[in-house]
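Me: I am new to this structure and would like to go through it with you. May I start with the charged residues and move on from there?

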Amino acid sequence: MTTESAPSRSSTTRVVVASLVGTTVEWYDFFLYGSAAALVFNQLFFPAGDPLMGTLLAFITYAVGFVARPLGGLVFGHYGDRIGRKKLLVLSLVMMGGATFAIGLLPTYQSVGVLAPLLLTALRLVQGFAIGGEWGGAVLIVSEHGSSERRGFWASWPQAGVPLGNVFGTAVLAVLAAVQSDEAFLAWGWRIAFLLSGVLVLIGLWVRLAVSESPVFLEAQRKAAESGAEQKPPILEVLRRYRSEVLTAMGARFAENVVYYVLTSFVLTYVATFLDLPRGVALNAALIASVLHFISIPIWGALSDRFGRRPIYLLGTVGTGVWAFFFFTMLDTKSFWVITLATTIGLVFHGAMYGPQAAFFAELFGTRVRYSGASIGYQLASIVAGSLAPIIATALLAAFDSSLPISIYVALCSVVTLVAVFRAPETRERDLAADHAV
């Protein structure tokens, strides 16, 4: 019998909408940088004779944002476990929006020289720090509001904000590229997408400030106050009692993270630079695929409520590992619709990992350390997985002039996740108010 509270459906829906809107805005900001790194920043901030080398330098600053994410997860996780999920979610949204808006105002390399990429890198660090704290708070406040029977479904909605943010970012860039000449887009048009972040953040704040704090957290906070026991820093308790859970989260995250950035970020470089197709081909294909990805994530989350987190997660892991060998072959046809189909299938397989992931990670940790534990496991993996994926893929393409090594790289990452999830316990029936550390 569960000890979790059961908020009303309307209350849960309100929290889900607030988390979805806020997460969408934050990931719009974060992914906008990735798309711009592939299409614009390589020319404006990192000019080089070789287009692939300029892209590689731009992706390195893209990776810097990932390096800052574990620090953000650690700091936000600490205070999120101490003072609540909601306050930290508001702060992360303000930080992310401010950094993205400022990128839209930056001078280019031609104007101020080396200062331009330095400022860009600094703002990317702020983005990474903010997004490092966003994910944990968004998925936990939903997980801790919703009923255990449908936790996978409800918690998957903040996850769906990731592709939705990518949809908006890609759509804005695609529209700007379509209505402007290449010269105008490169000179000033790209800035509009970043400045738009200011408006989106205000909308996100208006929605997010209206939600209530997690009832599971408030109950745990009340019990801690009544006990009078000294509360150790959450990170110390995570490292002492939840080491295996952190490693499980990192391993489960590995392939999911690599696959996503190959399918949504590197694909822009591959199609535009290696295949020498118009920029709009990759942008529009990614846009359509991301819409279907958004739809698939809650479906996979709901299926994990019925069949368990592990079976659905393993299906997605095997699917993406195998699909990697078909993906680039389909891209090489240079057909827009085949490219779109290839990206869509890959992202639907990815959704089978990403949909159950929020509930799965939340269920691994106790309430007092859940924000810290889930964030650390999630964000540490992003350093060696997502941050390096576009760099490794670009370097492999430059070195071998073939996509086969990239497919092998993705498949090997899938093996890492396959082992981690296969060895993990099934968590679907767990009570979030209980302590599951061994």
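**Charged pairs, helices and surface**

Reply: Both E144 and R85 are buried. Please keep in mind that the model is a predicted one.

Me: What do E144 and R85 form together?

Reply: E144 and R85 form a salt bridge, and their closest N and O atoms are 2.8 Å apart. This pair links distant parts of the chain, with E144 in the loop between helix 5 (115-143) and helix 6 (151-179) and R85 in helix 3 (residues 85-103), 59 residues apart.

Me: Why can such side chains pair at all?

Reply: Side chains of opposite charge can pair when their charged atoms come close.

Me: Which residue meets E144 in a salt bridge at 2.9 Å?

Reply: That residue is R370, with 2.9 Å from N to O. R370 is buried, as is E144.

Me: Are D305 and R309 buried or exposed?

Reply: D305 and R309 are both buried.

Me: Let us change topic. How many residues does helix 5 have, and how far does it reach?

Reply: Helix 5 has 29 residues and reaches 43 Å between its first and last C-alpha, close to the 42 Å expected. This helix is mostly covered, with 22 of its 29 residues buried.

Me: Where does A122 belong, and why is it called partly exposed?

Reply: A122 has its place in helix 5. A122 is called partly exposed because its relative accessible area is 37%, which falls between the limits of 20% and 50%. The C-alpha atoms of A122 and Y409 are separated by 30 Å, and these residues are 287 apart along the chain.

Me: Where does G65 lie, and what does it touch?

Reply: G65 lies in helix 2 (residues 51-83). Not counting residues up to four places away in sequence, G65 touches R124 and G128. G65 is buried because its relative accessible area is 0%.

Me: Now for kinks. Where is the kink in helix 7 centred?

Reply: The kink in helix 7 is centred on W188 and is about 55°. Helix 7 (residues 182-195) has 14 residues and reaches 19 Å from first to last C-alpha, close to the 20 Å expected. Buried residues in helix 7 include A184, F185, G189 and W190.

Me: And in helix 13, where is the kink centred?

Reply: In helix 13 the kink is about 45° and is centred on A324. Helix 13 has 23 residues and spans 32 Å from its first C-alpha to its last, close to the 33 Å expected.

Me: Which residues make the nonpolar surface patch?

Reply: The patch, of about 710 Å², is made by V318, V322, F325, F326, L404, I408, L412 and L418. Helix 13 (309-331) and helix 17 (404-423) are the elements that give two or more residues to the patch. F326 is found in helix 13, and F326 is partly exposed, with a relative accessible area of 46%.

Me: Last topic, backbone angles. What is the phi of K334?

Reply: K334 has a positive phi of about 65° although K334 is not a glycine. Most residues other than glycine have a negative phi. K334 is found in the loop between helix 13 and helix 14 (336-363), and K334 counts as partly exposed at 45% relative accessibility.

Me: And what about the phi of D401?

Reply: D401 is not a glycine either, and its phi is positive, at about 55°. D401 lies in the loop between helix 16 (389-400) and helix 17. D401 is exposed, with a relative accessible area of 56%.

Methods: Residues are numbered from 1 along each chain as its sequence is written. This is a predicted model: local features need pLDDT of at least 70, side-chain atom pairs count only at pLDDT 80 or more; totals for chains, interfaces and linings use all residues. Side-chain values use heavy atoms; hydrogens and water are left out. Helices (H or I, at least four residues) and strands (E, at least two) are DSSP runs, numbered from the N terminus. The expected span of a helix is 1.5 Å times one less than its number of residues. The bend at a residue is the angle between axes fitted to the seven residues ending there and the seven starting there. Buried means under 20% relative accessible area, exposed over 50%, partly exposed in between (1.4 Å probe, protein chains only). Patches are made of residues with over 30% relative accessible area and no salt bridge: like charges are joined within 9 Å, nonpolar side chains (Val, Leu, Ile, Met, Phe, Trp, Tyr) within 5 Å. Accessible areas come from the Shrake-Rupley method with a 1.4 Å probe; for residues, only the protein chains shown count as cover. A salt bridge is a side-chain nitrogen of Lys or Arg within 4 Å of a carboxyl oxygen of Asp or Glu. Contact means heavy atoms within 4.5 Å.
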